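Please examine the sequence and the structure shown below.

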Amino acid sequence: MNSKLTRRRFIKGVIFSGAAATTGAGVYLANAQNGAGTAERLINLNINGRTRPVDVMPSETLAYTLRYKLDLTGTKIGCNRGECGACTVLIDGVANYACSVLTHNVKDKAVVSIEGIKSADGTLHAVQQAFIDENSPQCGFCTPGQVMSAVALLSSNPRPTREEVRTGLSGNLCRCGAYEHYINGVLRASGQIA
Amino acid sequence: MSTHIGKDFTPPCVPGKVTGEIKYAEDYKAEGMVFARLLTSPMPSGRVVNIDATAALRMDGVIGIFTADDLPPVAPPANPALASDYITYVGQPILAVAATSEEIAETALDRIRIDFERRDFVVDPLESLSPNGPDAYPEGNALVRTQEEGPEGSPIVGAQIKSIKWPQSAIDALRAGQEPVGAEFTNEWAFGDIEAGFAEAAAIIEEPFVTMGYPHHSLEARTCMAYWENGKCYFHGSSQSQSANNAGLARMLNIPLEDLVFINEATGGGFGSKIGPYPYMAITGNFSRVLNRPVQLRITREQEFYIGSARSGMQGWIKTGVKEDGKVSAVDLVIVNDGGMTGGGSGNSSAQHVTVAYQPENMRFRHISVYTNTTPRGAQRGPGQNEMAAVLAPMTDKLAEAIGMDRVEFRKRNVLDSDGFQGGSQGPVTSAFVREALDQGARAFNWAERSSQPKDLGGSKRRGLGVGLGYHGAGGRGYDGLLRIGTDGRLYIHSGVGNLGTYSYAATCRAAAEALQIPWERCEIVRGRSDRYLPHSSGQGGSNTIFTHTRTNWVAAQDAIMKMKEIAAMDFGGTAADYEIGGERVFKTADNSQGLTYAEAARRAMELGSKFSGEQYPDDINPLTQIAVQGMAGSGLVGVAKDNIPGVGQPPGNVIGFMEIELDIDTGKYEIVDYASVADCGTVVHPKNFENAMRGGAVWGVGLSGLEKHVYDPQNGLPANTGLYQCKPPTNMDVPVDTIAQGVNIPDPQNPTGGRGIGEPTQGAAAAALSSALRDALGGHLFNTAPVTTDMIIDHLAGNSYSSGAGTLKTNTF
């Protein structure tokens, strides 16, 4: 995960955005206590290489914006509190939990979601193809997050060891327990197993 | 020569999973959709006296409120969608609010004021059974039959809640690891003469045990979305089975079966918690009807902990006698299940595991399931069997040691085989090759060689070797198969099997392709929503899908083959017996130039109508299948049949696990160095997915024996670990990631493909192997608990008995 994203930094972001944090973990990690009074602000987001104007509330998480404002539902919300990794996206190339990032904090950054890693001609990313070949997913709910963590890992470490892959994907919970098949998929994507 | 069975293929949904394009229930929107959120109980027991939603309903954007008064009343102990008179656990849904945004709905919940009346509560079954102990319901703490019992396994008909109390001496005895003399039970069975069996024994061990309940925590919470059009309800939900839901959900919505369109392309995990329609589906569907708008009821992770079901825990005692030759002569077993607020303890299945593991000559089982004010309990991956496997394995090792027998040999001496039995009724099995699995696993794992290695690895590290058995009944009968050969000559296999991650929906369709000898690329699986004309299917609990639905697709294919032969006989003379199939044609055996392609046969079927194209269908198929056939009638050659393949006995799923751990006696932490598992599940139908099931189940086994448990505050009844982080499902750092998964691969004689199911025992084997390895690493110490957590290990090593099972049997607490 992004070592620059700390709990302190996240909470500071919430405070700056004028919302109070709760542990309710609804769609709004930071819930607006004053009801419908929160104002949306139009910002431009760089999502999957495109500039997308979108109205964003101060308390809105990136996971929420992607799923409910931009209809990029490939990003899954498994816990909405930074525990499972199903919502992993790349922010300036680094894997982040989109449920734990405020959208206003990424307006100057490049965000890549699962919808953005295929080639323009529709060719799957090597990680996606390898996950198919290894039959890595089971229920598939964590899979987009696993793919994004694997893409981030291989971009910084193109030939990781099995242990490095394990560590690289350790922030992505798979309740079905398909870990070994995801790890094999990453090793296949890196050309280390055929 | 098999063309499809036992061969790898890519299930058609996998690309959508890696691209994020496949849709789960929460990914759908509808025009005008409003967002509903639940208000849940802050207290473990009580009732709602008054709800004041005035302030919430005055808010801009709030559309409506839905309470228990809007649904038919549900008598306890049934699990209501919304509670009022009986609040029985923290987190129980009380009402739902719908608003134009989820933010407004959440804020509105804060503005609702509820007056509650508190009641006594209890989180530990033994505390409830104690004299003057609290009961989870005002009426009592256990469900007691009021009518004659049906056959074993039949649903309870006629039962009521009663308050059962044990003498304090029985409570004390059970906690101390002794027989609870004078205790009252609600379920008992026995075979043979246990006293005679114990008299024959060369060694007898007597142990208490306790296993913890824990939540399923499927990664996809059970969010639903529903809307109505022209009297039909379109319902997006998350279920283990596509079709087994429909009848129950239609009843919840009070509509005919044909007016429900249930849409469920993908399910983000179930593990037993999404077998049938769950009560909360009634909120979404009925709220949508009342509001006349699409409603999405989103369930949060915390709410999924509350309402998403959990494994039942158990407190118990077992006395086992073994003869000099290693045969288990007698078992006396007592289980008190923690049934949570719904009951549903799986003690009978735990006892069944013991019968499979030991095939005891004599056995007695006594059982009671006690309500507690904790979350609803239900089936969770090998319910009963797997937690029993976890605590039984180290005891089995102790028995083997007592008579000086190798642990693997001891298991081979006692375990189920094809002539053996399972359960208290001593019912037969279709086939079983567990001894072969033990032999194969011992070879793959190098058991003999590893067993000769020193246990002391130097420094603070100790080696532990474990072996374990997982077992679960793995197959059902009597469901329907439905398929169609189109005028394009392609095979359309209609499947009501859900897509919960096991890919059995696809693997079972291969049976039809195999029977019809048609290449897989010319087959299409039709599934995902009920208006695609899908047959009735099993609930896909109990590892049954492979056995059950390879049979249904096989019989539907046989029906199609027979119809094609009959058509050919009409056109070319002779009888159907004069024809065979091959190369996507039906032709005369004596002259293969006389025949029809599948496409031509489909066109002829449409011309002929009646049974050939589905205008007529068998009388014995399920009403849901009848609706499906009616819908697709006239669109090709239709194969439809109920699985009436003769046969008796339960198809068992068996897995043997071998594990090596390295335990650090300074920290209590251990690493799982190696894991090898071998399944006895008949023919492996889809090898790649078989491996995935084996390894996924092993991860669950580590969770059961090492990590996962409910923790409740006994003073306030508050759950302490509602999130994933505290519940601790294993991450990839907790489990081995380079393991061996094999199958014995001996076909089951009662399945046309040879296959049986395997999903659940994969967990039991790993759980058992881990607890067995922990005992080995600790020089024979028995915790008699599941899970055994790191703090318990370090407590034991420090000479503190606080964390061991004996003496407390405490459950649901720290």
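Helices (H or I, at least four residues) and strands (E, at least two) are DSSP runs, numbered from the N terminus. This is a predicted model, in which local features need pLDDT of at least 70, side-chain atom pairs count only at pLDDT 80 or more, and totals for chains, interfaces and linings use all residues. Residues are numbered from 1 along each chain as its sequence is written, while chains are lettered from A and ligands numbered from 1 in the order in which they are written.

**Two asparagines of chain A**

- A:Asn135 lies in the loop between H3 and H4 of chain A.
- The phi angle of A:Asn135 is near 50 degrees, a positive value in a residue other than glycine.
- A residue is buried if 20 or more other C-beta atoms lie within 10 Å of its own, exposed if 12 or fewer, and partly exposed in between, with C-beta atoms placed from the backbone.
- A:Asn135 counts as buried because it has 23 C-beta neighbours inside 10 Å.
- A:Asn48 is found in the loop between strand E1 (41-47) and strand E2 (50-56) of chain A, and its phi is near 50 degrees, a positive value in a residue other than glycine.
- A:Asn48 has 20 C-beta neighbours inside 10 Å and therefore counts as buried.

**Domains of chain A**

- The domain assignment of chain A gives domain 1 (7-116) and domain 2 (126-189); such bounds come from an automatic or database domain assignment.
- The contact between them takes 15 residues from domain 1 of chain A and 13 residues from domain 2 of chain A, where two residues are in contact if their C-beta atoms, placed from the backbone, lie within 7 Å.
- On the side of domain 1 of chain A that touches domain 2 of chain A, strand E3 (88-91) and strand E4 (94-97) of chain A each supply at least two residues.
- E3(A) gives the most to that side of domain 1, with three residues.
- By class, this side of domain 1 has eight nonpolar, six polar and one charged residues.
- In this classification, Ala, Val, Leu, Ile, Met, Phe, Trp, Tyr, Cys and Pro count as nonpolar, Asp, Glu, Lys and Arg as charged, and the others, Gly among them, as polar.

**Contact between chains A and B**

- This contact takes 47 residues from chain A and 54 residues from chain B.
- On the side of chain A that touches chain B, helix H3 (126-133), helix H4 (143-156), helix H5 (162-168) and helix H6 (179-189) of chain A each supply at least two residues.
- The largest share of that side of chain A, four residues, comes from H6(A).
- The residues of the side of chain A that touches chain B divide into 23 nonpolar, 16 polar and eight charged.

**Overall form of chain B**

- Chain B has 22 helices and 30 strands.
- Of the 814 residues of chain B, 62% count as buried.
- The C-alpha atoms of chain B fill a box of roughly 85 × 75 × 55 Å, taken along the principal axes.
- Among contacts in chain B between residues at least 6 apart in sequence, 79% join residues at least 24 apart.

**Cis peptide bonds in chain B**

- A cis peptide bond, with omega about 10 degrees, joins B:Pro76 and B:Pro77.
- B:Pro77 is found in the loop between strand E3 (62-67) and strand E4 (93-99) of chain B.
- The peptide bond from B:Ala786 to B:Pro787 is cis, with omega near 5 degrees.
- B:Pro787 is found in the loop between strand E30 (785-786) and helix H22 (790-797) of chain B.
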